[in-house]
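Morning, everyone. Please put the structure up on the screen, and I'll walk you through it.

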Amino acid sequence: MEETLIIFKPDCLEKRMVGEVISRFEKEGFEIIAAKVMQLDSAILNKHYAHISELPFFPEIETFMSQRPVIVMILGGEAVITKVRE
C-alpha cells in the first residue's frame, strides 16, 4: 500500500470543499491514515517547497499557504500517488 501527503489549501477550506474532496478519495477506496489541522509557517513551507523556494514567485505561495490553518492528511491505498495526481 502506498501513502501520500494531501494538503487542503486555504482556498479549499474557504470554499468549504474539504468534505467533497474526502468523499472522492473514499469512493476510490483510499484510507485516511492520519489528519490534522495546522498552521504552516515559513520553516515548514521552505522545507516542503524546497524545489521552488528560490524562485521569484515563492513568496506569493508562502503568503497564500500561511494565511490560515490548513488540513494535512496522509492518504493510503493501492496506486494512491498516481490516482491523486490524476
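Let's start with two strands. Strand E2, residues 31–38, runs antiparallel to E3, and 7 bridges join them. To find your place, look for glutamate 31, which stands opposite glycine 76 in E3. One caution before we go on: this is a predicted model.

Now the other partner. Strand E1, residues 2–8, also pairs with E3 in the antiparallel sense, over 7 bridges. Here, isoleucine 7 stands opposite valine 72 in E3.

Step back to the whole chain. The secondary structure comes to 5 helices and 3 strands. Read along the sequence, the pattern is β-α-α-β-α-α-β-α. Buried residues make up 31% of the 86 residues. Take the contacts with a separation of 6 or more: 80% of them come from residues 24 or more positions apart. The chain exposes about 5900 Å², and carbon and sulfur atoms supply 53% of that.

Last stop, one residue. Phenylalanine 58 sits in helix H4, residues 58–65. Is phenylalanine 58 buried or exposed? Its relative accessibility is 3%, and the cut-off for buried is under 20%, so phenylalanine 58 counts as buried. What is phenylalanine 58 in contact with, leaving aside neighbours within four places in sequence? The list is Leu45, Asn46, Tyr49, Ile52 and Ser53. Take leucine 45: it lies 13 residues from phenylalanine 58 in sequence, and 9.6 Å away in space, C-alpha to C-alpha.

Technical notes
Residues are numbered from 1 along each chain as its sequence is written. This is a predicted model: local features need pLDDT of at least 70, side-chain atom pairs count only at pLDDT 80 or more; totals for chains, interfaces and linings use all residues. Side-chain values use heavy atoms; hydrogens and water are left out. Helices (H or I, at least four residues) and strands (E, at least two) are DSSP runs, numbered from the N terminus. Buried means under 20% relative accessible area, exposed over 50%, partly exposed in between (1.4 Å probe, protein chains only). Contact means heavy atoms within 4.5 Å. Two strands pair if DSSP finds at least two bridges between them. Accessible areas come from the Shrake-Rupley method with a 1.4 Å probe; for residues, only the protein chains shown count as cover.
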